Amino acid sequence: MAKDLVTPPPTAQRPSAGGPAPGRRQPGVGIGAKAVGILNGGFLLLWGLITTLPLLWAIISSFKTNGEFRTDPMGFPSGLEWDNFARAWSAANIGQYFLNSVIVVSMSLTMTMLFGAMGAYVLARYDFPGNRIIYFGFVGGLVLPVFLALVPMFFIVRNLGDLPFVGQFLGLNSYFSLALVYTAFSMPFTVFFLTAFFRTLPTAVAEAGIVDGCSHFSLFFRVMLPMAKPGLISLALFNFLGHWNQYVLPLVIMQDSDKRVLAQGLGVLAAQTGFRADWTALFAGLVIALLPVLIVYILFQKRIQAGLTAGVLK
Amino acid sequence: MTLSTPAGRAPAKRARPHRPQTRRASDPMRRGKYLFIVTFLLPPVAVYAIYMLSPYLQAIYISMTDWSGLTATQNFIGFDNYVRMWNDDQIRTALRNNLILLVFVPVLTLALGLFFASMLNVGGRRRNAAVAGVRGSSIYRVVYFFPQVLSIAIVGVLFKYVFAPESAGGIINTFLSKIGLESLTRLWLGEPRYLIWVVVLVMTWSFVGFYVVLFSAAMQSVPRDIYEAALLDGASRFTTFRKVTLPLVWDTVQVGWVYMAIQAMDGFAIVHIMLGVNGGVEGAGDVLGVAIYREAFASSRFGYAAAIGVLMLFLTMTIVVIFMRVLRRERVELG
């Protein structure tokens with residue numbers, strides 16, 4: 001964010017040596033300062049390259065033939081090998097995994113936002129005994145390591161699968177159970193963030209709604225939710241990325257190979273690639289997995305950065 | 001939901017913030033409130049209690065059993081799992097690795113994050129500008145942040161091949177031999193002593209951008225005239241950073257530090273994908289998260305896995321408490 005200010009720039013070597021004329025090349029910028037400047041620019045560029053080159057390499061590799069990849073991993077492909085993507089999509093099952101991810105995340109994101117907003121709203125704006133206990137019950141979950149919960153969670157989900165009628169939706173290898181698990185693990189942060197957000201909304205509007213005869217329900221859905229939209233969108237982006245990228249939870253819940261989600265499926269594919277000797281299909285799969293996130297990121301770049309960092313600062 | 005919900009949602013009494021002024025409107029509102037609060041709290045509390053809270057509570061009991069998960073019965077064996085863990089060399093390796101991650105990943109990430117953020121925001125000294133970002137700083141910010149939105153699984157797969165041997169397309173080794181540094185090529189993922197350091201590098205790679213953006217936001221809120229004053233006083237870049245920038249963003253650094261420490265305890269996806277479920281060659285790259293997963297779902301020692309989980313909980317809590325204590329003291333000094 002280069003904000004140009006009117007003050008002329010004195011330098012480290014020669015502080016304010018007789019008001020330099022603006023518009024002319026700074027005489028005070030010595031060779032030392034210049035060298036430091038170039039060095040700094042160099043570091044920034046270097047890190048930029050370190051960040052982008054592995055990703056570019058993956059994208060370039062996804063267009064090579066396996067022969068090209070093995071003999072010349074750094075070179076450019078002679079042609080575009082679109083077949084890699086076809087193999088990744090169907091033979092390596094990435095298409096199925098992609099679909100699974102879409103199904104699970106659309107369910108989990110809806111539930112997380114709806115339940116999170118409902119809980120946070122009540123906790124933020126209604127006074128009742130036990131309010132604080134429930135609130136800290138949610139927020140305390142922020143520091144619990146997920147790994148401790150893995151074992152019992154697996155058995156809870158497995159046992160719920162034995163229930164009559166609903167069992168098929170609540171057991172292992174079910175989209176709905178995985179979505180419920182995602183929702184549960186997103187609750188601490190969602191409730192924490194949204195409670196703070198609902199508290200900041202003005203009370204006058206709510207009071208006006210009540211005077212107009214709104215019920216509590218319509219007040220929430222027709223007045224408060226629309227008002228909370230900016231906060232909800234930031235948080236939805238945050239949760240979308242979190243759910244889409246989740247790895248360990250589906251590893252436990254989705255044991256059936258047809259039900260794997262994208263991140264998990266990619267991990268399995270990477271483990272098998274050595275035997276299949278099909279590296280370029282793996283890279284094509286990687287690019288398929290990377291593209292939606294890249295697109296969402298480019299579209300909502302400012303908002304995502306603000307949303308994710310606000311998460312730490314709140 | 002056919003499931004019972006835990007207690008703790010006592011019926012409501014009084015609406016606090018937006019109590020209506022008119023008596024007429026308040027009465028029906030009050031009657032509906034009980035129903036409303038219960039209806040709204042039921043779904044989130046139920047899902048959270050069943051899928052998140054209750055597993056944690058059960059884990060502590062399971063950690064004191066010899067449960068294999070296959071049998072219906074589980075024998076209570078007290079602290080036997082914990083004693084066994086104490087004598088388990090693999091767990092020691094995992095614990096050592098977690099401590100390495102805990103020390104090196106935050107230090108590297110925060111140092112690089114602060115350095116790049118200060119470069120981007122106050123590093124430029126251009127004509128007619130006392131403090132400015134360097135050229136292209138907004139592009140850098142977009143690029144640097146990108147690894148943060150990638151799935152950690154994608155990062156793991158990618159770096160598995162970046163560090164692979166030359167014959168499998170490993171790009172680091174290929175690059176080193178292309179520029180004539182063949183002596184530096186290594187089997188990065190094949191030699192026990194390198195494994196955890198590769199994980200440190202990969203985690204740092206994926207985290208730095210996030211902290212660049214976080215610290216940038218903090219630095220943007222520092223008033224420009226402070227920098228101008230420092231520059232007029234002839235402060236060097238380094239002095240400006242140490243005496244002006246750092247103290248003013250220190251609060252953010254602290255928060256980042258605690259958050260970072262929690263993240264560094266993880267490392268599961270990277271180790272699991274890059275090194276495999278056994279933690280790589282001779283298990284030298286093992287971390288606690290992978291050990292838990294392996295003991296439970298590969299070896300069916302659920303009781304033991306839960307005990308390792310309790311160890312991890314204990315460690316995380318200790319770290320959070322220590323960090324908060326130490327950092328709070330420093331904050332007082334800086335006043």
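Q: If a residue is called buried when 20 or more other C-beta atoms lie within 10 Å of its own, what percentage of the 335 residues in chain B is buried?
A: The model is a predicted one, and the secondary structure of its chain B comes to 12 helices and 0 strands. Among the contacts of chain B between residues at least 6 apart in sequence, 68% join residues at least 24 apart. Of the 335 residues in this chain, the buried ones make up 46%.

Q: What percentage of the 314 residues of chain A counts as buried?
A: Chain A has a secondary structure of 15 helices and 0 strands. In this chain, residues 24 or more positions apart account for 66% of the contacts with a separation of 6 or more. By the cut-off of 20 or more other C-beta atoms within 10 Å, the buried part of the 314 residues of chain A is 45%.

Q: Which residues of chain B are in contact with Leu286(A), leaving aside neighbours within four places in sequence?
A: Leu286(A) is, together with Ile308(B), one of the residues that touch the most other members of the 188-residue core. With its neighbours within four places in sequence left aside, Leu286(A) is in contact within chain A with Ala58(A), Ser62(A) and Leu266(A). Its partners in chain B are Ile154(B), Val157(B) and Leu158(B).

Q: Are α13(A) and α14(A) roughly parallel or roughly antiparallel to each other?
A: Helix α13 (residues 262-276) and helix α14 (residues 279-299) of chain A pack with their axes 10 Å apart, at an angle of about 165 degrees. Angles over 145 degrees count as roughly antiparallel. The two helices, α13(A) and α14(A), are therefore roughly antiparallel.

Q: How many nonpolar residues does the contact of α13(A) with α14(A) have?
A: The crossing of these two helices, α13(A) and α14(A), is left-handed. On the α13(A) side, Leu262(A), Leu266(A), Leu269(A), Ala270(A) and Thr273(A) meet Trp279(A), Leu282(A), Gly285(A), Leu286(A) and Ala289(A) on the α14(A) side. By class, this contact has no charged residues and 2 polar ones, while the number of nonpolar residues is 8.

Q: How many polar residues does the contact of α3(B) with α7(B) have?
A: Helix α3(B) passes α7(B) in a right-handed crossing. The residues of this contact divide into 22 nonpolar, no charged and, as the number of polar residues, 8.

Q: Is Gly113(B) buried or exposed?
A: Gly113(B) has its place in helix α3 (residues 89-122) of chain B. Leaving aside neighbours within four places in sequence, Gly113(B) is in contact with Val208(B), Tyr211(B), Val212(B) and Phe215(B). Because 26 C-beta neighbours lie inside 10 Å, Gly113(B) counts as buried.

Q: Near what value is phi of Asn173(A)?
A: Asn173(A) is found in the loop between α7 (167-170) and α8 (175-200) of chain A. With 17 other C-beta atoms within 10 Å, Asn173(A) is partly exposed. Most residues other than glycine have a negative phi. In Asn173(A), a residue other than glycine, phi is positive, with a value near 60 degrees.

Q: Near what value is phi of Glu282(B)?
A: Glu282(B) is found in chain B, in the loop between α10 (268-274) and α11 (288-298). The 14 C-beta neighbours inside 10 Å make Glu282(B) count as partly exposed. Phi of Glu282(B), again a residue other than glycine, has a positive value near 55 degrees.

Note on methods: Residues are numbered from 1 along each chain as its sequence is written. Chains are lettered from A and ligands numbered from 1 in the order in which they are written. This is a predicted model: local features need pLDDT of at least 70, side-chain atom pairs count only at pLDDT 80 or more; totals for chains, interfaces and linings use all residues. Axes are lines fitted to C-alpha atoms, for helices over the stretch in contact, and angles run from 0 to 180 degrees between N-to-C directions. Helices (H or I, at least four residues) and strands (E, at least two) are DSSP runs, numbered from the N terminus. Angles under 35 degrees count as roughly parallel, over 145 as roughly antiparallel, 65 to 115 as roughly perpendicular and the rest as oblique. A crossing is left-handed if the near helix is turned anticlockwise from the far one by less than a right angle, and right-handed if clockwise. Two residues are in contact if their C-beta atoms, placed from the backbone, lie within 7 Å. Ala, Val, Leu, Ile, Met, Phe, Trp, Tyr, Cys and Pro count as nonpolar, Asp, Glu, Lys and Arg as charged, and the others, Gly among them, as polar. A residue is buried if 20 or more other C-beta atoms lie within 10 Å of its own, exposed if 12 or fewer, and partly exposed in between; C-beta atoms are placed from the backbone. A nonpolar core is a set of buried Ala, Val, Leu, Ile, Met, Phe, Trp, Tyr and Cys residues joined through C-beta atoms within 7 Å.
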